[in-house]
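This report goes through the fold and the helix packing of one protein, and readers may wish to keep the coordinates open alongside the text.

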Amino acid sequence: MDTDKFKNLPPLKKIDMSKIPNLGMVQINNQLRENQAQFQKISEDMYKEKRRIEQREEQKLEYLKNIDSNTASLVDVVTLLRQNNEHQVEIKELIFEILSIAVLESEPEVQSRYEKWRKKAADLGAGIKGGEAIVEIGKAIIIAAGFNIPFS
C-alpha cells in the first residue's frame with residue numbers, strides 16, 4: 001500500500017460534537033414516543049375487544065343456561081297441568097299472567113307485579129300437587145325476559 005500519497009494532507013480537525021445539532025436523535029425520540037402511543041392504543045383496543053368477546057361468550061352461556069332452565073320449566077308446566085286437572089284454568093291463567101309481566105319494559109313495574117303474582121302462585125301452589133313449581137316457572141320466565149329483580 002502506498003502511504004506516501006497521504007503524507008502531505010493536513011491533519012483532521014477535531015469535531016466538537018456538542019456544537020452539532022442533534023436533530024436526528026430528536027426526530028428518533030419523537031417517532032419512538034409516537035410509536036409507543038400507537039402501540040399503547042392498539043394494546044388497549046385489543047384488550048377491549050378481548051373483554052367484549054369474553055362478555056359476549058359469558059352472555060351466550062347464560063342464555064344457554066336460561067334456555068335449558070326454560071325447557072325444564074315447560075316440562076314442569078305440562079306435568080303440573082296433567083297432575084291437577086281441576087286447577088288447569090287457574091294454572092293457565094297464572095302462566096299467561098307471568099308472560100304478560102315478562103313483556104313489560106319497566107323493571108320496577110315488573111318487580112311490583114311479579115310480587116303480586118308470586119303471592120297468588122304460592123297460594124294456589126300450596127293447595128295442589130307440585131304447586132311449588134309454579135313460582136319456579138315464573139322466576140325462569142322473568143329471568144329469560146332479562147330482568148334482574150330480587151326473588152323472595
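## Overall make-up

What share of the contacts in the protein with a separation of 6 or more comes from residues 24 or more positions apart? In this predicted model, such residues account for 61% of those contacts. The secondary structure consists of 4 helices and 0 strands, and the pattern along the sequence reads α-α-α-α.

Of the 152 residues in the protein, 22% are buried. The accessible surface amounts to about 12,000 Å², and carbon and sulfur atoms contribute 58% of that area.

## Helix α2 against helix α3

Helix α2, which covers residues 88-102, packs on helix α3, residues 107-126, at an angle of about 165°, and the axes of the two lie 10 Å apart. Because angles over 145 degrees count as roughly antiparallel, α2 and α3 are roughly antiparallel to each other. The crossing in which α2 passes α3 is left-handed.

On the α2 side the residues that take part are E90, I91, L94, E97, I98, S100 and I101, and they meet V110, R113, Y114, W117, K120, A121 and L124 of α3. Sorted by class, this contact of α2 with α3 holds 9 nonpolar residues, 1 polar residue and 4 charged residues.

## Helix α2 against helix α4

Helix α2 also packs on helix α4, residues 132-144, where the axes come within 9 Å and cross at roughly 20°. Since angles under 35 degrees count as roughly parallel, α2 is roughly parallel to α4. The crossing of α2 and α4 is right-handed.

From α2, the residues I91, L94, I95, I98, L99, I101 and A102 make this contact, and from α4 the partners are I134, I137, G138, I141 and I142. By class, the contact of α2 with α4 comprises 11 nonpolar residues and 1 polar residue, with no charged residues.

When neighbours within four places in sequence are left aside, N84 is in contact with I91, I128 and K129.

Definitions and conventions. Residues are numbered from 1 along each chain as its sequence is written. This is a predicted model: local features need pLDDT of at least 70, side-chain atom pairs count only at pLDDT 80 or more; totals for chains, interfaces and linings use all residues. Side-chain values use heavy atoms; hydrogens and water are left out. Buried means under 20% relative accessible area, exposed over 50%, partly exposed in between (1.4 Å probe, protein chains only). Contact means heavy atoms within 4.5 Å. Accessible areas come from the Shrake-Rupley method with a 1.4 Å probe; for residues, only the protein chains shown count as cover. Axes are lines fitted to C-alpha atoms, for helices over the stretch in contact, and angles run from 0 to 180 degrees between N-to-C directions. Angles under 35 degrees count as roughly parallel, over 145 as roughly antiparallel, 65 to 115 as roughly perpendicular and the rest as oblique. A crossing is left-handed if the near helix is turned anticlockwise from the far one by less than a right angle, and right-handed if clockwise. Ala, Val, Leu, Ile, Met, Phe, Trp, Tyr, Cys and Pro count as nonpolar, Asp, Glu, Lys and Arg as charged, and the others, Gly among them, as polar.
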